[in-house]
Amino acid sequence: MLFWMIGRSIINWSGYLCSYFAFYYLPIGTAYFIFYGGSLISGYIWGAWLLKENLSKVKIRALILSTSWNSFTFIETIWTR
(Lines give C-alpha, C1' and ligand atoms only; values in the text may rest on other atoms or scores of the structure.)
Protein backbone atom coordinates (compact mmCIF):
# COMPACT_ATOMS: atom_id res chain seq x y z
CA MET A 1 0.00 0.00 0.00
CA LEU A 2 2.80 2.41 0.86
CA PHE A 3 4.48 1.64 -2.47
CA TRP A 4 1.37 2.72 -4.39
CA MET A 5 0.95 5.88 -2.31
CA ILE A 6 4.56 6.91 -2.91
CA GLY A 7 4.32 6.05 -6.60
CA ARG A 8 1.15 8.07 -7.06
CA SER A 9 2.65 10.99 -5.14
CA ILE A 10 5.70 11.01 -7.40
CA ILE A 11 3.56 10.88 -10.53
CA ASN A 12 1.32 13.70 -9.28
CA TRP A 13 4.31 15.80 -8.29
CA SER A 14 5.90 15.35 -11.70
CA GLY A 15 2.58 16.31 -13.33
CA TYR A 16 2.41 19.54 -11.35
CA LEU A 17 6.03 20.28 -12.15
CA CYS A 18 5.47 19.72 -15.87
CA SER A 19 2.37 21.92 -15.87
CA TYR A 20 4.23 24.69 -14.05
CA PHE A 21 7.06 24.68 -16.58
CA ALA A 22 4.64 24.45 -19.50
CA PHE A 23 2.57 27.44 -18.37
CA TYR A 24 5.69 29.41 -17.49
CA TYR A 25 7.68 28.87 -20.70
CA LEU A 26 5.04 28.20 -23.38
CA PRO A 27 2.30 30.46 -24.70
CA ILE A 28 -0.93 29.90 -22.81
CA GLY A 29 -2.81 28.46 -25.80
CA THR A 30 -0.07 25.93 -26.49
CA ALA A 31 0.05 24.80 -22.88
CA TYR A 32 -3.73 24.39 -22.72
CA PHE A 33 -3.70 22.54 -26.02
CA ILE A 34 -1.13 20.05 -24.76
CA PHE A 35 -2.70 19.42 -21.35
CA TYR A 36 -6.35 19.39 -22.39
CA GLY A 37 -5.66 17.36 -25.52
CA GLY A 38 -3.52 14.88 -23.63
CA SER A 39 -6.08 14.37 -20.90
CA LEU A 40 -8.88 14.08 -23.43
CA ILE A 41 -7.19 11.44 -25.59
CA SER A 42 -5.75 9.51 -22.66
CA GLY A 43 -9.17 9.52 -20.95
CA TYR A 44 -10.76 7.88 -23.97
CA ILE A 45 -7.92 5.36 -24.28
CA TRP A 46 -7.95 4.45 -20.57
CA GLY A 47 -11.73 4.20 -20.59
CA ALA A 48 -11.72 1.84 -23.54
CA TRP A 49 -8.81 -0.20 -22.23
CA LEU A 50 -9.41 -0.43 -18.48
CA LEU A 51 -13.16 0.02 -18.21
CA LYS A 52 -14.01 -1.73 -21.49
CA GLU A 53 -16.26 1.13 -22.56
CA ASN A 54 -17.72 1.13 -26.03
CA LEU A 55 -17.50 4.25 -28.14
CA SER A 56 -21.06 5.18 -29.00
CA LYS A 57 -22.01 7.79 -31.59
CA VAL A 58 -22.51 10.38 -28.87
CA LYS A 59 -19.06 9.74 -27.39
CA ILE A 60 -17.40 9.93 -30.81
CA ARG A 61 -19.20 13.22 -31.56
CA ALA A 62 -18.12 14.59 -28.17
CA LEU A 63 -14.52 13.59 -28.87
CA ILE A 64 -14.56 15.24 -32.30
CA LEU A 65 -16.24 18.40 -30.99
CA SER A 66 -13.92 18.82 -28.02
CA THR A 67 -10.81 18.06 -30.08
CA SER A 68 -11.83 20.57 -32.74
CA TRP A 69 -12.56 23.22 -30.09
CA ASN A 70 -9.16 22.55 -28.54
CA SER A 71 -7.53 22.90 -31.97
CA PHE A 72 -9.31 26.22 -32.60
CA THR A 73 -7.93 27.54 -29.32
CA PHE A 74 -4.42 26.54 -30.36
CA ILE A 75 -4.80 28.06 -33.85
CA GLU A 76 -6.09 31.30 -32.34
CA THR A 77 -2.95 31.50 -30.22
CA ILE A 78 -0.76 31.09 -33.30
CA TRP A 79 -2.68 33.68 -35.33
CA THR A 80 -2.47 36.35 -32.64
CA ARG A 81 1.33 36.37 -32.60
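**Helices and aromatic rings in a predicted chain**

Biologist: In what order do the elements of the chain run from the N terminus on?

Modeller: From the N terminus on, the elements follow the order α-α-α, and the chain has three helices and zero strands. Please keep in mind that this is a predicted model.

Biologist: How does the radius of gyration of the chain stand beside that of a compact globule?

Modeller: The chain has a radius of gyration of 16 Å, whereas a compact globule of 81 residues would be near 12 Å. Along its principal axes, the C-alpha trace spans about 50 × 40 × 10 Å, and buried residues make up 14% of the 81 residues.

Biologist: Switching to the surface, which residues form a nonpolar patch there?

Modeller: That patch is formed by W13, L17, Y20, F21, Y24 and Y25, which together have about 750 Å² of accessible area. Ring pairs also link Y20, F21, Y24 and Y25 into a cluster.

Biologist: Take Y24, then: where does it lie, and is it buried or exposed?

Modeller: Y24 lies in helix α1, which covers residues 2-25, and Y24 counts as exposed because its relative accessibility is 55%, where the cut-off is over 50%.

Biologist: And how many aromatic pairs are there in the whole structure?

Modeller: A search of the whole structure finds eight aromatic pairs. One of them joins F23 and Y32 in an edge-to-face arrangement, with 5.1 Å centre to centre and 70° between the planes.

Biologist: What do F23 and Y32 count as in terms of accessibility?

Modeller: F23 counts as partly exposed because its relative accessibility is 34%, and Y32, at 47%, counts as partly exposed as well.

Terms used: Residues numbered from 1 in each chain as written. Predicted model: local features only at pLDDT ≥ 70, side-chain atom pairs only at ≥ 80, totals over all residues. Heavy atoms only, no water. Patch = residues over 30% accessible without salt bridge, like charges linked within 9 Å, V, L, I, M, F, W, Y side chains within 5 Å. Areas by Shrake-Rupley, 256 points an atom, 1.4 Å probe, with all protein chains shown as cover. Salt bridge = Lys/Arg side-chain N within 4 Å of Asp/Glu carboxyl O. Helix = DSSP H or I, 4+ residues; strand = E, 2+ residues; numbered from the N terminus. Buried < 20%, exposed > 50% of the residue type's maximum accessible area, 1.4 Å probe, protein only. Phe/Tyr/Trp six-rings, centres within 6.5 Å; stacked < 30°, edge-to-face > 60°. Rg over C-alpha atoms; globule rule 2.2 N^0.38 Å.
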